[in-house]
Amino acid sequence: MKICRWLVAALVGVSLVASACSGGGGSADDDPTEGDLVDGERLVSFSGANGLKLAGTLGVPQDARNAPGVLILSSVGPTTDRDGIQDATGGDQVYKDISHAFNAAGMVTLRYDRRGIGASKLESGTDPLYEDMIEDARGALNFLAQRREVGSAAVAVVGHDIGGWMALRVAASDDKVKAVTLLSTPSRKLVDVHAESFRQTHGQTSADRFRSEVDILLSTGTLPGPEQMASEHQSVLGQGQDQLLKGLFEADPLADAGRVKVPVLVTAGALGTGVLPTDAEQMTRAIGPSAQLSVFPNLGQTLRDLPADPGSIRFDPADESTHVFGARPVIGVKRDTAAVEKVTSFLSTTLKAAKA
């Protein structure tokens, strides 16, 4: 199963039919398939949409009982697993890093491989759907909330990039969620994000043509053939991913944002590309009084320090190196301690004050 290349950062819905999620629940005592606790982490599995077995990592503070829980939802892409965005340079293990920070603050965490990624295997010929990814997130939330380590404590959802869209959808429909953090989550529809990037990199004609190609997908459910598409669009509109792409391009993050009533921390890196501080500002307004905004100077999209002047590099849908870091990866840059602490403090304080 191959996911089109642009989804590494996605930059990035229709409502799902309500159904009972298979939460998995339980603990290591009643699930012999779970791994041992090693360095504060345990390999786990739970059921997602259509009963698919999803593989994850449970981060557990020492002697955790009735500890707040945090579900971490990743961005979408073929090299993005439960730990972060992987590439030839070693990538960016953003989800693993923030999980460890949350654990150190006394919170239980769950991060997992999305369907078709890593250890969450799909049958050959089966493609992931956006709606199924949201249902998977519901299953993950149920699994986390039922853990003995969490018990009666409150739970939150953290979403990065398109994972933030899924976090909003889950929070808007499940009262178990008591807080949300959005990390570099676009407020605009996906067609607008990409059309603007094509305008910057290839001109207005390319942007207009891209919108026309997406209109065909949304109206017919089928992508135009590659011979009918501009060459620069083919890394974004990958053939054979019609239904996944249709779901993503239909999604309206601001509609879901307006339905979320719990406290939300909306973040953005000032040096991000594709997802901009203006996205975070618009998202904060859409959520309303329960939202607070943090724009971090000199940071990219995964809370990493970047040079004050990243150069003239702009977001390019066909160049993965411009997606995740807000500029081409800079070897050796570290996660910004103050930004991680801001997110950690918000979750810890909010969840401790909430009732599960």
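1. Start with arginine 42, which sits in strand β1 (residues 41-47). Helices (H or I, at least four residues) and strands (E, at least two) are DSSP runs, numbered from the N terminus. Arginine 42 has a relative accessibility of 9%, so it counts as buried. The cut-offs for that word: buried is under 20% relative accessible area, exposed is over 50%, and partly exposed is in between (1.4 Å probe, protein chains only). A polar atom of the arginine 42 side chain lies 3.1 Å from the backbone oxygen of glycine 35.

2. Before going on, a word on what you're looking at. This is a predicted model, where local features need pLDDT of at least 70 and side-chain atom pairs count only at pLDDT 80 or more, while totals for chains, interfaces and linings use all residues. Residues are numbered from 1 along each chain as its sequence is written, and side-chain values use heavy atoms, with hydrogens and water left out.

3. How confident is the predictor? pLDDT is its confidence in each residue, from 0 to 100. The protein chain has a mean pLDDT of 85, with 82% of its residues at 70 or more. Two stretches need care: pLDDT stays under 50 over residues 1-30 and also over residues 324-331. The model does have contacts there (heavy atoms within 4.5 Å): counting those beyond four places in sequence, there are 115 for residues 1-30 and 26 for residues 324-331. Still, where pLDDT is low, the predicted coordinates should not be read in detail.

4. Now the overall picture. The protein chain has 9 helices and 8 strands. Of its 356 residues, 57% are buried. The accessible surface comes to about 13,900 Å², and carbon and sulfur atoms account for 50% of it. Those areas come from the Shrake-Rupley method with a 1.4 Å probe; for residues, only the protein chains shown count as cover.

5. What's inside? Look for the nonpolar cores, meaning sets of buried Ala, Val, Leu, Ile, Met, Phe, Trp, Tyr and Cys residues joined through side-chain atoms within 4.5 Å. The largest has 66 residues, and among the members that touch the most others are Leu71, Tyr130, Phe210 and Phe249. Helix α2 (residues 130-145) gives the most to this core, with 9 residues. A second, separate core has 23 residues, including Ala154, Leu265, Leu303 and Phe346. As background, nonpolar side chains tend to be buried together in soluble globular proteins.

6. Leaving out residues up to four places away in sequence, phenylalanine 210 touches Val191, His194, Ala195, Phe198, His233, Val236, Leu237 and Phe249.

7. On to charges. Side chains of opposite charge can pair when their charged atoms come close. Here a salt bridge is a side-chain nitrogen of Lys or Arg within 4 Å of a carboxyl oxygen of Asp or Glu, and the whole structure has 20 of them. One joins arginine 304 and aspartate 92, at 3.6 Å from N to O. Arginine 304 is in the loop between β8 (291-296) and α9 (337-353), aspartate 92 is in the loop between β3 (69-73) and α1 (94-104), and they are 212 residues apart. Arginine 304 is buried at 10% relative accessible area, and aspartate 92 is buried at 1%.

8. Another pair to find is arginine 169 with aspartate 256, where the closest N and O atoms are 3.1 Å apart. Arginine 169 is buried at 4%, and aspartate 256 is buried at 10%.

9. Compare aspartate 174 and lysine 176, whose salt bridge has its closest N and O atoms 2.9 Å apart. Aspartate 174 is buried, at 15%, whereas lysine 176 is partly exposed, at 28%. And arginine 42 returns here: Glu34, Arg42, Arg147 and Glu149 are linked in a network of salt bridges.

10. Last, a backbone check. Most residues other than glycine have a negative phi. Asparagine 50 has a positive phi of about 60°; it is found in the loop between β1 and β2 (53-59) and is exposed, at 72%. Leucine 303 also has a positive phi, near 60°, but leucine 303 is in the loop between β8 and α9 and is buried, at 5%.

Key. pLDDT is the predictor's confidence in each residue, from 0 to 100. A polar contact is a pair of N or O atoms within 3.5 Å; within protein, one must be able to donate a hydrogen and the other to accept it, and residues adjacent in sequence count only if both atoms are side-chain atoms.
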